[in-house]
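Please look through the sequence and the model shown here before reading on.

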Amino acid sequence: MNKAFILGGGVTLAALLIAPTFIGNSIETKARSTLAALNEQPLYSASIVSYDKGWFSSSAQIEIALDFNGILAAQQVGNTQDVSTEDVGMENPTIIANVNAYHGPIYFGDGVGIAKVKYNIAVQGEALREYVAWPDDVPLYFNEGKLGLFNGLNYSDAIPALQGVDDELTLNFSGFNGEAKHEGDGIRYQGQAESLSMNDGAFSFEMLNTTADITYSDDVDMLAAMNGELFEGDAAIAIEEMVFSDETGTNILVEALRIITNTDIDEDTNTASVYVEYAVDKVEGAAQDASDMVIGIAINNLDVDFIKAYQDFSNSTLSTPADELPEKLQAFIKDNLLQQLQTEPEINITKLAMTLPEGSFTGKANSKLVGVTALPDTLEDPSYWVSHLLANAQIKADKAFVESMASGYMVAELAANPQTQGMTAEELQSLAAQQVPMVLNTFVEQGFIKQTENGYDAEFVLKDGKANLNGAEIPLPFAQ
């Protein structure tokens, strides 16, 4: 037999046998450093209850507690010396996670395969059985996956169906299942829960078909993300239907609620842009039925170092007594805010729309701080901010929509007027309908709105400390 082949085979076998112990050491090092970082945060305390490391596998029991009591006690303004954690009235929640890891590059034990490591995490959650029930042989949370030889992460996780045990509150949760797959240079996570319902006799709530779709880069430091640091990614949460009911027979239906977020980071400028959008297809049964509602907000030119500094400040002051916080906040602003303002941050409403049975409206607005070289002597100085603010906004609305909104506002005003409090709802509505045309005509004559062929619109511009509404300059008493 070829000696080179035998030698090569021997080296390969040795590598396969030796590699697991190095991977095992790496897992333990990473686990201990992660827990040490968690312990630096005032909200968490974490410790390894036990750790058993073998050649091909490791297992650990980890305890994580959240110090809600300490934080709540610190918020008792002026009473921090007299408030104990017992006075807060709740126990600090503690979870025990059982972790098993099977070392690669060829792992055994929980199946056989090729990966850097295969793992599973089980949180039994026994303390919560006082409040909710689920099958005895199932953990409250279970996550299993594997990290590929080239660090590609794939996993699935699950929460079982839960039922409330309180006789005064009916609670039913269908459970949740999620799956993460390595795609390109990122990880895509998708999860779904079929239903959640609660009923206490006076109020009931039901939510159907909730889905999550999240994508992020595979080099994201998840511990940093837990601490609130920005990272690139996209997320979409969707709820097919929500129904709210009360004992009076009122039912409010919300269909197709969506929350979309996107974060981009420009490494060249060390700035980030964040977009958040809320949308609802339809609302029925509320004070006013509506559809096609959406608002999209883009926050651009966020200084990444400022955001990190703010998150560090926020985390470090979670247990700071509330009466000491303003002084610390002022110090933080003095040391850090100018850095953010010099990047010329923007807050833009890129989408704004709603449709009522009578008609619809759309709008958008942009605002940006420019030319900031120093902080004002007083942050509350409006003339300073106006002198550095560029802004513009446009709104367009159907005639019937504006009349409906104006009528609703006037009905509320009339109902609060002592001279009309004896009127019925129909009388108030009739009186408001008579006054709405006159009020809108007055707004048009004064230049607050412009009448168009289909309705009304308005445009506002702020530049160089001067404001302009529909083409006419308007004075600003606080502008320089």
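What should the 13 residues of helix α5 (residues 304-316) span at 1.5 Å a residue, and how far apart are its end C-alpha atoms? The expected span, which is 1.5 Å times one less than the number of residues, is 18 Å, and because the end C-alpha atoms are 18 Å apart, the two values agree.

This is a predicted model, in which local features need pLDDT of at least 70 and side-chain atom pairs count only at pLDDT 80 or more, while totals for chains, interfaces and linings use all residues. Residues are numbered from 1 along each chain as its sequence is written, and side-chain values use heavy atoms, with hydrogens and water left out.

The chain holds 9 helices and 25 strands, where helices (H or I, at least four residues) and strands (E, at least two) are DSSP runs numbered from the N terminus. Of its 480 residues, 31% are buried, a word that stands for under 20% relative accessible area with a 1.4 Å probe, counting protein chains only.

Within helix α5, the residues V304, F306, I307, Q311, F313 and N315 are buried. The buried residues of α5 pack against the elements in this table, and contact here means heavy atoms within 4.5 Å.

| Element packed against α5 | Residues |
|---|---|
| β16 | 251-266 |
| β17 | 271-284 |
| β18 | 290-303 |
| α6 | 325-341 |

If neighbours within four places in sequence are left aside, E346 is in contact with A298, I299, N300, N301, S367 and K368.

A nonpolar core is a set of buried Ala, Val, Leu, Ile, Met, Phe, Trp, Tyr and Cys residues joined through side-chain atoms within 4.5 Å. The largest such core has 22 residues, and Y155, L162, F173, M207 and M242 are those with the most contacts inside it. At least two residues of this core come from each of β12 (176-183), β13 (186-199), β14 (203-217), β15 (233-246), β16 and β17, and β13 gives the most, with 4 residues. Another core, of 17 residues, lies apart from this one and includes A290, M354, M410 and L428.

Notes
Buried means under 20% relative accessible area, exposed over 50%, partly exposed in between (1.4 Å probe, protein chains only).
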